[in-house]
Amino acid sequence: MTKKPESRSDNSKKPQPKKKRKWGKRLFWWSFFTVALAVFCAIAGFLFIILNGERILAASGDDPFIMDETSIVYDINGNEVSRLFAENREPVKYSELPEMVVDAFVATEDRRFFEHQGVDLWSIGRAAVKDVIARSAVEGGSTITQQLAKNLFLSMDKTFFRKATEVSIALALENHKTKEEILELYLNRINFGKGAYGIKAASKRYFGKENLDDLELWEIATLAGIPKAPTHYNPINQPEKSKNRRAVILKLMYDQGYITAEQMNEAAAVEYDPDKAQVAKHSESTIVDYAIAEAEEVSQLTEDELRRGGYKIYTTMDAGAQKAMEAAFENDELFEKGPEDQQVQGAMVITDHHTGGIVAMVGGRDYVRKGLNRTLVPRQPGSAFKPIASFGPALETGQWFPWSMLSDEKQCFGDYCPSNLSKRYAGQLSLEYALQQSINTPAVWLLNEIGVKQGYEFAQKLGIPLGKDDRNLAIALGGLTHGATPLQMADAYSAFANGGKYLPSYSVVRIEDRNGKTVYQYKQPKGERVMSEKTAYYMTELLQKVVNEGTAKRAKLDRPVAGKTGTAQHGIKGFNSSANRDVWFVGYTPEWTAAVWMGYDKTDRQHVLKNGSGQAATMFKEVMSKALKNHEKKKFEKPEGIDEVKEPDVQKVTGLTAEYSVQTGLVTLNWNSISSDQDVTYRIYRKEDTESKATLIGEVVSNDYEDINVYPNATYEYYVTAYIASLRLETEASGKVKLTIDSDLPPIDTLPPDTTDPGQATDPPDEWNPGEDPDFGNGSQDGSDPANGGQGNGGNQGNSGNNGNGHGNNGNNGNGNGNGNGGNGGEGDSDQGMPPDGSINGGLEDMLPNFDDPNAGR
């Protein structure tokens, strides 16, 4: 049999082992050359790093500092306003450093400082892992030597090449400097904030201690915590953050065996006293300091780099406005005189509500560079918060209007019982009048009607950082857990001025480096709509009346102004005084918005304000009149499709008659119906001669009513109003009828006819502000009854019983039999009881004292 030849496929399998051996040799040689190349590159890279660091260090000579170039700050028009210098450096020798200072900084910044040779590979590895996990450069792993290298020669970016250069310089420094010399350079060079460079300057700046040996452990730990973020961790600007950072430092020192647990806990509990801080000896504008801090944040540059790096910082400042504001704050006559040990402080900020740019800012009287900026300190805003938390959100619902009627009764809302400053209550007032005269109870009642949630969320949209503890009715009167800063208040009111759009404030427009390259450019947002144009327009109209006819007349300018005063009482337990803690005025013109605060940094019995918010309104006028002097006068524009802010023309009720029936024992009232395209109800008010004011006894849809609660030998007075629920509008009172019930047929005494034109609102007295007038007191009768007419049967709580039997000091055409008590302090600005929108006819104005005192506005 012939043998079958092997197939080609079978022959192809025989050389395979040779190919495997061939590829194995290739892989060996590729690996060999790859490793060799990697070793060569590593050696070359290492030599490059070493030589590069040596080259940089040698080129710098004995003084390893780059040449400083002064940075310049410009205003909104491109004019130079300030040159920045890195000042306040006080070098100290290593031998002068207390051991505890060295321990604190080593424990915080580089626990293996005395062991490594400039680069800590373990720390770099740990940082690299964290960066990979976070997918960004979140941790640097830098040693103290590397930080010194970076501080001397490099920028703050976290690129690979910058990091490699930093390492090379650090290794070179370790070859030429001892550990002690490196630590000495580091502690003399780093920025501690507030213009202090170096440990000694920082000790003097924050604790007033020139000798470092005098520093206590908690002070050392505080200083050691600052360099990581000087703006955020210095104890003057951020006492709470500084204390928390101090606790971290102390824990590190304890973990590394430098201190005991007892020392750690004791040092962590100490509260910083800012009075021990040493004030800088040179002054600078608040807004320049603010702009530098903002530039640090937006550009990721340090303050040190910004001051000495030759940068051009373009800001939103208006130099003329800033000059006017600084001049006003230097004028002692614009401030209440304080005790000898301390002057009354203040703060003011102006913003351009069209852009959010900060126009001018002063953080206090005699402000010094890096001092306390009080425009950033929270205070209780008092009644200046009413438009933000009560009236504004009510208008935004679309169910409340300037003419809407609000309750002004003495009442409690659960456990919360607000009161009017004057201790007087009118029963009902229009929203417009309640805001104009800053009456407390209607503001709280209104917030209760719309719901706290509505007011709370509205305020948050306007940039007020409320907390969960602020979800209560007290916010209607500005009773906040932590308060609001003047800058926050200006931002909030800017939304009213800007047609309902909120723009956050800012101060830095652009930053250029020494070569003219733009390193930061502000991107103007469109603005967030936080309320309707209609709400913003209505509020502007209402706040103009506060300035023109209400509590803020001192803020009047020769151009349109809208605004609100605010006053917060002292709040000191056991201290019976009407003195105040904080006074405010927040307002705006068509061009700019401004907030003014006055008070003491710390309030106690000796440091309270005797005067009210009129002084803040005066400061607004003083500054704004000069700041806007060369600006074209504009007016508030009415948006298209918005109705004028005026009360609908609804006639009052006429033809009221009253008849008593002996057979039924009832009083029957009849009146003429009014014509309206809205649903109308009629409210019946009655006052017995023994009562101080009329009360609502019924509400019907027909034009008649029977009063069954009447008694013999009593005299009753009635009037009727029409109420339109859809407009929340109550008309002025009808003519009044008086009826006496006895055993005979009762006579009906009709009061003199009302000569006021239908729908014509009577003007309230100018600037009636009893809370600030020492002559105003509480008489034995309440004269707030809107039903008293021209006959005036109710006294005016003390001062004047006009045309009636007032129990006050001056009984004009009446019997003044009593003495009024001094005006009682209370939350709010001017809490008098008045008729709704001036609409109740019958001479209420004649019963009220006419205070024409420009100081009275609160």
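Select Asn670 and then Asp704 in strand E19: the two residues stand opposite each other. Strands here are DSSP runs marked E of at least two residues, and helices are H or I runs of at least four, both numbered from the N terminus. This is a predicted model, in which local features need pLDDT of at least 70, side-chain atom pairs count only at pLDDT 80 or more, and totals for chains, interfaces and linings use all residues. Residues are numbered from 1 along each chain as its sequence is written, and side-chain values use heavy atoms, leaving out hydrogens and water.

Now show residues 666–670, strand E16, which runs antiparallel to E19 and is joined to it by four bridges. Two strands count as paired if DSSP finds at least two bridges between them.

Next, select strand E5 (residues 358–362), where five of five residues are buried, meaning under 20% relative accessible area with a 1.4 Å probe and protein chains only; exposed is over 50%, and partly exposed lies in between. Strand E4 (residues 345–351) runs antiparallel to E5, and four bridges join them. Within this pair, Ile350 has Ala360 of E5 as its bridge partner. Six residues lie between the strands of this hairpin, and Gly356 takes a positive phi near 95°.

Keep Ile350 selected. In the largest nonpolar core, of 141 residues, Ile350 is among those that touch the most other members, as is Met619. Such a core is a set of buried Ala, Val, Leu, Ile, Met, Phe, Trp, Tyr and Cys residues joined through side-chain atoms within 4.5 Å. A second, separate core has 44 residues, including Val92 and Ile169.

Move to helix H6 (residues 160–176) and pick Leu173. Leu173 counts as buried because its relative accessibility is 2%. Ala149 is 24 residues from Leu173 in sequence, and their C-alpha atoms are 7.9 Å apart.

Finish with helices H9 (residues 217–225) and H11 (residues 239–255), which pack at about 105° with axes 8 Å apart. The axes are lines fitted to C-alpha atoms over the stretch in contact, and angles run from 0 to 180 degrees between N-to-C directions. The two helices are therefore roughly perpendicular, a label for angles of 65 to 115 degrees. Residues making the contact (heavy atoms within 4.5 Å) include Trp218 of H9 and Arg245 of H11.

Key: Angles under 35 degrees count as roughly parallel, over 145 as roughly antiparallel, 65 to 115 as roughly perpendicular and the rest as oblique.
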